[in-house]
Amino acid sequence: MNILAIESSCDETAVAVVKDGRTVLSDAILSQADMHEIYGGVVPEIASRKHVEAIYSLADTALSQAGITKKDIDAIAVTYAPGLIGALLVGVGFAKAAALAMDLPLIPVHHIRGHIAANYIAFPDLEPPFLALVVSGGHSLIVDVQDYTKMKVMGSTRDDAAGECFDKVARVMGMGYPGGKALDALAKSGDETKYVLPRSKIDGAPLDMSFSGLKTAVLNILHNASQKGEQVDEPSLCASFQAAVSDTLVPRTMEALKQTGYKKLVIAGGVAANSRIRGDFEAATARMGAVLYAPPLSLCGDNGAMIGAQAYYEYLAGNLAGPELNAIATLSVEK
């Protein structure tokens with residue numbers, strides 16, 4: 001089954017062709033990162049307009065790269081939630097029009113489910129049940145993946161997402177947007193014990209997280225140093241920040257894994273590309289005798305292939321939509 005999958009939830013326009021949920025025939029992506037860098041973050045209106053400009057030609061590119069024509073497509077899939085509402089509407093509108101014009105089934109896909117499904121592409125042997133940690137610019141949550149379309153949130157952030165903190169800290173340090181990769185590289189030469197940063201704890205909710213205090217603590221160090229004319233050891237501050245994020249994510253995730261009794265842990269999302277966090281999870285799962293599934297860096301960020309992968313299982317479960325499908329800015333992965 002060939003699925004044409006569309007992703008436009010934020011600042012990447014992506015169209016892919018995925019066969020039977022596991023084989024990627026093409027994955028065309030147009031990033032807007034350079035455009036948003038001058039603003040230090042994504043400008044929703046600009047993102048929406050650029051999706052409109054790119055999506056039609058990108059769909060043609062995806063078909064061409066896959067070596068197929070429209071007649072070879074069996075279904076249309078699209079990210080409909082969550083995300084920037086204007087950006088989502090572009091993808092949903094295009095997908096509905098394509099499904100109607102080609103008389104094909106329309107499959108709505110939750111963005112977070114797509115991130116989890118990126119691992120189905122990377123690891124063809126991976127099947128539920130397993131535990132998943134999704135950490136990206138807009139989301140940080142621990143999910144019990146009981147089946148391909150049955151999921152339960154065990155823990156989540158109460159405020160900022162981990163990826164949002166990475167981007168804001170990197171921006172203030174002059175690394176541009178998105179800054180996670182540059183921050184990770186600089187941290188490799190730093191001393192993670194030099195700066196004492198907070199680790200959150202939520203009373204009565206041991207698996208929930210908070211990152212706003214950590215972000216504020218780092219920004220205060222930078223601003224205070226600037227006001228006093230002092231130099232900040234940037235590599236060590238980056239290393240200390242990464243260690244604090246990892247110390248927030250890893251223990252909670254491993255506790256959730258213990259509670260489920262699973263021996264498979266999946267990590268997904270842009271922050272899953274961070275070398276410190278990946279390394280800490282590798283060590284933690286090894287100590288527990290569990291298996292870690294971490295997608296290649298190319299599948300950590302937003303892409304169409306992950307949407308096509310999850311769409312196959314949504315289709316098998318009968319989760320289809322019609323012309324009434326609308327975009328939703330905020331929606332639980334549990335649906």
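## A residue after helix 10

Let's start at Leu 320, which sits in the segment that follows helix 10 (304-316). Bear in mind that this is a predicted model. Leu 320 has a relative accessible area of 43%, so it counts as partly exposed.

## The overall build

Stepping back, the protein has ten helices and ten strands. For 335 residues, a compact globule would have a radius of gyration near 20 Å, and the protein agrees because its own value is 20 Å. Along the principal axes, the C-alpha atoms fill a box of roughly 65 × 45 × 35 Å.

How much of the protein is buried? Buried residues account for 54% of the 335. As for who touches whom, take the contacts with a separation of 6 or more: 74% of them are between residues 24 or more positions apart.

## Aromatic pairs

Now for the rings. A pair of aromatic rings is described by how far apart the centres are and by the angle of the planes. There are eight aromatic pairs in the structure. One of them is Tyr 120 with Tyr 148, an edge-to-face pair at 5.2 Å centre to centre with 70° between the planes. This pair links distant parts of the chain, 28 residues apart: Tyr 120 belongs to helix 4 (residues 111-122), while Tyr 148 lies in the loop between strand 7 (140-147) and strand 8 (150-156).

Are these two buried or exposed? Tyr 120 has 0% relative accessibility, so it counts as buried. Tyr 148 is buried too, with a relative accessible area of 16%, because the cut-off for buried is under 20%.

Tyr 312 and Tyr 313 make another edge-to-face pair, with 5.1 Å centre to centre and 80° between the planes. Both of these tyrosines are buried. Ring pairs join Tyr 120, Phe 130, Tyr 148, Tyr 312 and Tyr 313 into a cluster.

## An exposed glycine

Where does Gly 204 sit? Its place is the loop between helix 6 (180-187) and helix 7 (212-228). Gly 204 has a relative accessible area of 82%, so it is exposed; the cut-off for that is over 50%.

Gly 204 can also be placed relative to Val 109: the two are 95 residues apart in sequence, and their C-alpha atoms are 32 Å apart in space.

Methods. Residues numbered from 1 in each chain as written. Predicted model: local features only at pLDDT ≥ 70, side-chain atom pairs only at ≥ 80, totals over all residues. Heavy atoms only, no water. Helix = DSSP H or I, 4+ residues; strand = E, 2+ residues; numbered from the N terminus. Buried < 20%, exposed > 50% of the residue type's maximum accessible area, 1.4 Å probe, protein only. Phe/Tyr/Trp six-rings, centres within 6.5 Å; stacked < 30°, edge-to-face > 60°. Rg over C-alpha atoms; globule rule 2.2 N^0.38 Å. Contact = heavy atoms within 4.5 Å.
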